[in-house]
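Let's walk through this one together, starting with how a chain is divided up and ending with how the copies are arranged.

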Number of protein chains: 2
Amino acid sequence: MNIWEELQESVGFSFKELSLLQTAFTHSSYVNEHRKEHLKDNERLEFLGDAVLELTVSDYLFKKYPDMAEGQMTKMRAAIVCEPSLVEFADSVHFSKYVRLGKGEEKAGGRTRPALLADVFEAFIGALYLDNGLQKVIQFLERIVFPKIDAGAFLETVDYKTQLQEIVQRDRDVLIEYDILGETGPAHNKAFEAQVIVNGQVLGRGTGRTKKQAEQNAAEFAVSKLMHQ
Amino acid sequence: MNIWEELQESVGFSFKELSLLQTAFTHSSYVNEHRKEHLKDNERLEFLGDAVLELTVSDYLFKKYPDMAEGQMTKMRAAIVCEPSLVEFADSVHFSKYVRLGKGEEKAGGRTRPALLADVFEAFIGALYLDNGLQKVIQFLERIVFPKIDAGAFLETVDYKTQLQEIVQRDRDVLIEYDILGETGPAHNKAFEAQVIVNGQVLGRGTGRTKKQAEQNAAEFAVSKLMHQ
């Protein structure tokens, strides 16, 4: 079994056009050292794959979190389609092993360079899209990316009230209410106290300089309680 | 014919779920003034539509310009999916007429505000994608956006050597060569002269402080010549 057969087995797809898969794993430094072979590097596929990833992740978030505000979804998407996350996804399928690098880049440690691995991951998504269509990309992400979203790995990017909502609404039809319990202090230095009630049960209290901040702190308390119970 | 029927006729698609189309044209200021109707604003659809547009445009550029470098495609994509361009697309299908706005926003001239129209265009793309799938979005863009790309409306964002390549390679198998004709001046103040030859014919000459700049200037001359012939 050559490395391309091994790679296809590892990702769970066979490519109709093997050269697309090979291009996705070809760094420009390799192309520069093999001019006579007229190879292509992975940069154009990365351009395409980046857009494929943006859409597939956006679509997933849109449907998974039907009540989440646009701003919160944007934050989550940015945390999923960012270099450190892409490197993690690439590592989970051992992509670094298959990259074709020039000798200089290899010596300089390019094979484990985060930016390079993130690019290879995006280029692979671009190649998979061209060869097999959007549906196959989604199947791949259902193994490599979406389970991490489901496990809440990117929820820390959104605010506490949204986190609480997403955690308790896994079981549907839950009512979350916030009450302002009181305010203290003079006008220029007020403090508010809030509580959050989930299905009639007080889950957290918090204080803050504004009502909003008091509610966020109450939600933070509730999230932390639910996470550790 | 009510305005939603008119709008569907104007865009050339009928929606299975009319509420998606209506949501795409609903600004948050309208929702705030009609709290009892429990409407949704278009912000989540805009989030999704933005990603749909990025992918469909990327895919189109990738296939239309098979030799264009990633950096140039990225520049072109940014020029297509940016506020002024989106407003132009929205205007070409008279979207501003159908937007649902709050009274305050209406008075403040929101209906013709560029950011608002660009958002509505993206939200519409998101709604079309959810209701009819990616293929219908592409059909819509084939009428509204892609012809502008074909006409070269966004080529000015890429460098002149790339422009020249794209212009002459509309008829395939064209050979473009650059020659450095000479250099003058002392080491700290050199000037180069370059010429560009297309299928054996000199189309332009240019000078510059570097070889690259001289070639760019030669290409600029050739592009301008071809555009005005």
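Domain bounds here come from an automatic or database domain assignment. Keep in mind that what you're looking at is a predicted model. For chain A, that assignment gives domain 1, covering 3-154, and domain 2, covering 160-227. Going by C-alpha atoms, the centres of these two domains of chain A sit 39 Å apart. Where they touch, domain 1 of chain A puts in 6 residues and domain 2 of chain A puts in 6 residues.

Now for the area involved. The size of an interface is often quoted as the accessible area lost when the parts come together. For domain 1 and domain 2 of chain A, about 430 Å² is buried between them, with 46% of it on carbon and sulfur atoms. On the domain 1 side, A:Tyr65, A:Asp67 and A:Met68 account for 62% of the area buried against domain 2 of chain A, more than any other three residues. The residues on that side of domain 1 of chain A split into 3 nonpolar, 1 polar and 2 charged.

What about specific interactions? Between domain 1 and domain 2 of chain A, the rule turns up 0 salt bridges.

Conventions: Residues numbered from 1 in each chain as written. Chains lettered and ligands numbered in written order. Predicted model: local features only at pLDDT ≥ 70, side-chain atom pairs only at ≥ 80, totals over all residues. Heavy atoms only, no water. Contact = heavy atoms within 4.5 Å. Buried area = accessible area lost by both parts, 1.4 Å probe. Salt bridge = Lys/Arg side-chain N within 4 Å of Asp/Glu carboxyl O. Nonpolar A, V, L, I, M, F, W, Y, C, P; charged D, E, K, R; others polar.
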